[in-house]
Amino acid sequence: MITVEIETTARQELVRITRRLTQAVQEAGWQNGLCQIFVPHTTAGITINENADPDVVRDILYSLERQVPSADPGYRHVEGNSAAHIKASMMGFSLTLILSNGRFVLGRWQDILLCEFDGPRRRQVILELIPS
Amino acid sequence: MITVEIETTARQELVRITRRLTQAVQEAGWQNGLCQIFVPHTTAGITINENADPDVVRDILYSLERQVPSADPGYRHVEGNSAAHIKASMMGFSLTLILSNGRFVLGRWQDILLCEFDGPRRRQVILELIPS
Amino acid sequence: MITVEIETTARQELVRITRRLTQAVQEAGWQNGLCQIFVPHTTAGITINENADPDVVRDILYSLERQVPSADPGYRHVEGNSAAHIKASMMGFSLTLILSNGRFVLGRWQDILLCEFDGPRRRQVILELIPS
């Protein structure tokens, strides 16, 4: 089990972490199998998407905010970050990827994105390998 | 493969199942590896979120209902539970967690939540372990 | 690792792929374990839902379009397919299923659905098995 720490820098942000995770996996000497990637938080999630054009990530945040406004008089949770909890559940907390020769099997346009919805904070990403 | 049965008690409800699943895993003698948690339904899903303040779970249901109203003249499915199908797909049906010494690796505020969107019903949660 | 190719035929479509994937798994001689199903795209995802009544799938697409309109003056991504990227992240890109005697463990009403949001295109679905 490996833990990678990511510092987020904004309230809401999708942080490209493919390179950081690949480096961690290679330092651990992991080569082939299924790699479980897990975010142990409730206001940050994980997804995959394009990061060639940064406007894609910006539009994802824009749309999630439109669907789940940060401020809504209907929320009851006193900490005021209900929208962050909801968005994290919509993106999910775990991702299983195939690891092949120390690299994640990803499509050409895919990047792994840590989804910060209540930052800035120091976040953790936990990895585990089941070798094939 | 283990099957755990959960009785839900409301039309829409997020049921905290971490303790029930941990108990089932320990009774089976499972210790370490990747544990697959699967919901074999189409109007119930699974997610992770906070359950320290019950208002978080209440706000998640509130927001999902705002996004996907139970009643919408645009739906065509005759059973009248289209919203439940949609919400279940938004939360997802499978979760892979790391099992370490018979316990799920979870963040401090995380609980595993069975998402009932068309209850009350008797639901199943299926677990499988790949030992590490 | 197996790659299955799926031709989608519409701009937005949920394609039932349970039979195609089961056939591919059986041709590979895979029997038991955890099967990872991965979509290496950013405008197509994967989910599970009912396909007994085709109106369920139609209502899922209807609701996602209501939540994330294809046309929205707020989007900035110049390719004009931001909604497809967002919907794909909402459904997710990976699914882990239990394989038992060459068949996926699924509920009675569940089908595996490839979610096309920017078609028609030739899409790939990648499978990997961790034998139990």
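1. One salt bridge is counted between chain A and chain B. The term requires a side-chain nitrogen of Lys or Arg within 4 Å of a carboxyl oxygen of Asp or Glu. The pair is B:Arg66 with A:Asp72, with 3.4 Å between the closest N and O atoms.

2. On provenance: this is a predicted model, where local features need pLDDT of at least 70, side-chain atom pairs count only at pLDDT 80 or more, and totals for chains, interfaces and linings use all residues. Residues are numbered from 1 along each chain as its sequence is written, chains are lettered from A in the order in which they are written, and side-chain values use heavy atoms, without hydrogens and water.

3. Chain A brings 27 residues to the contact and chain B 29 residues; contact means heavy atoms within 4.5 Å. About 2,400 Å² is buried between chain A and chain B, 60% of that from carbon and sulfur atoms. Buried area is the accessible area (1.4 Å probe) lost by two parts on being put together, summed over both.

4. On the side of chain A that touches chain B, strand E3 (33–38), helix H3 (82–91), strand E5 (94–100) and strand E8 (122–131) each supply at least two residues. Helices (H or I, at least four residues) and strands (E, at least two) are DSSP runs, numbered from the N terminus. H3(A) gives the most, with five residues.

5. B:Ile37 is worth a look. Beyond its neighbours within four places in sequence, B:Ile37 is in contact with residues including B:Leu21, B:Phe93, B:Phe104 and B:Val125.
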